[in-house]
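Hello,

Here is the structure we talked about. Please open it and keep it in view while you read my notes below.

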Amino acid sequence: MTIEPLLLTTARVCTFVGRAPLTNASGFFFERGERLFLVTSRHVLSDSASGHFPDRIEIELHNDAQNMAKSTGFSIPLYEDGKSVWRQGVDAGGEVDVAAIEIERQALPEPTIYRAFTPANLPGGFDQVEIGSSVLILGFPLGFHDTLHHMPVARQGVVASSFGLRFQGQGYFLTDARTHRGASGAPVVARVPALEAGQGDLPWTLLGVHSARLDVGRDAQQDEALGLNCAWYADILLPLTEG
């Protein structure tokens, strides 16, 4: 059975302090030349507002191409000599809720079955994505996933603000999609036909990194939640993975 390459780009992220589990989240692989990174939301790794300070994460990896029910856990320490190992984004609007951790390929189990986005999967121009364009948010909402085959699930949504404009001056755009805790760090992807020729057998454009639901002050008795989400522009990955 052939597995869609897109499903192998995304991994479940579990955070820990020592052996004590804390939270579930989502992440995905990004390749820059010979270097491999795990990308997730920065608040998954450290969040002062909620007092969330894990010291390691664990991701689930497939290790048998003939049997996708087989997997193994891979632990990544978040600090080395007292310093954080992740790279986090900053732009003109302030901190960006995206972080990248470089993975030493030689430390991965042999074999490891995964796929990674590359710079070729980033948008070539903001005018190629229209408001209302269909997107997928691929992740692990509330930790939910195919527990037999260790695969993420996809939620469908649309681009809900002008793609290319920084919403309220911040480095994100909005999506209209039903999301939950645990989806933080999920890739937001779309099919952009004009770009697919250079994307090989992973013909998906990486538009953003899902961060959190966006809401406003409202009367909880009368008004439903907006159902909108923040997705940080994926081009932040280029400065994050340089050097």
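**Asparagine 121 and its neighbours**

Start with the side chain of asparagine 121: one of its polar atoms lies 3.0 Å from the backbone oxygen of leucine 202. Keep in mind that this is a predicted model. The backbone oxygen of tryptophan 204 also has a polar atom of the asparagine 121 side chain at 2.9 Å.

Where is asparagine 121 found? Look in the loop between β9 (94-103) and β10 (134-139). Is asparagine 121 buried or exposed? Its relative accessibility is 4%, so asparagine 121 counts as buried. Leaving out residues up to four places away in sequence, asparagine 121 touches Gln199, Leu202, Trp204, Thr205 and Leu206.

**Aromatic rings**

Next, the rings. A pair of aromatic rings is described by the distance of the centres and the angle of the planes. The structure holds eight aromatic pairs. Take phenylalanine 29 and tyrosine 114: their ring centres are 5.2 Å apart and their planes are at 50 degrees, so this pair is tilted. The pair links distant parts of the chain, 85 residues apart. Phenylalanine 29 is in strand β2 (residues 20-32), and tyrosine 114 is in the loop between β9 and β10. Both of these residues are buried.

Now compare phenylalanine 163 and phenylalanine 173. Their ring centres are 4.9 Å apart, with the planes at 70 degrees, so the pair is edge-to-face. Phenylalanine 163 lies in the loop between β11 (153-159) and β12 (172-177), while phenylalanine 173 lies in strand β12, so the pair ties together parts that are 10 residues apart in sequence. Phenylalanine 163 and phenylalanine 173 are buried. Which residues do ring pairs link into a cluster? They are Phe163, Phe173 and Tyr233.

**Arginines over rings**

Two arginines deserve a look. Arginine 56 lies over the face of phenylalanine 16, at 4.2 Å from the ring centre. Arginine 191 lies over the face of tryptophan 204, at 4.9 Å from the ring centre.

**The largest pocket**

The largest pocket holds about 410 Å³ of space. How many residues line the largest pocket? There are 20, and Asn24, His43, Arg181, Gly182 and Ser184 lie nearest its centre. The elements that give two or more residues to this lining are β2, α1 (42-45) and β14 (205-214).

Best wishes

Note on methods. Residues are numbered from 1 along each chain as its sequence is written. This is a predicted model: local features need pLDDT of at least 70, side-chain atom pairs count only at pLDDT 80 or more; totals for chains, interfaces and linings use all residues. Side-chain values use heavy atoms; hydrogens and water are left out. Helices (H or I, at least four residues) and strands (E, at least two) are DSSP runs, numbered from the N terminus. Buried means under 20% relative accessible area, exposed over 50%, partly exposed in between (1.4 Å probe, protein chains only). A polar contact is a pair of N or O atoms within 3.5 Å; within protein, one must be able to donate a hydrogen and the other to accept it, and residues adjacent in sequence count only if both atoms are side-chain atoms. Contact means heavy atoms within 4.5 Å. Rings of Phe, Tyr and Trp (its six-membered ring) pair if their centres lie within 6.5 Å; planes under 30 degrees apart count as stacked, over 60 as edge-to-face and the rest as tilted. A charge sits over a ring if NZ of Lys or CZ of Arg is within 6 Å of the ring centre and within 35 degrees of the ring normal. On a 1 Å grid over the protein atoms alone, a cavity is a set of points where a 1.4 Å probe fits but cannot get out, and a pocket is an open set with protein on both sides within 12 Å along at least five of seven lines; lining residues have an atom within 4 Å of a point. Grid points are joined across faces, edges and corners, and a volume is the space filled by probe spheres set on the points.
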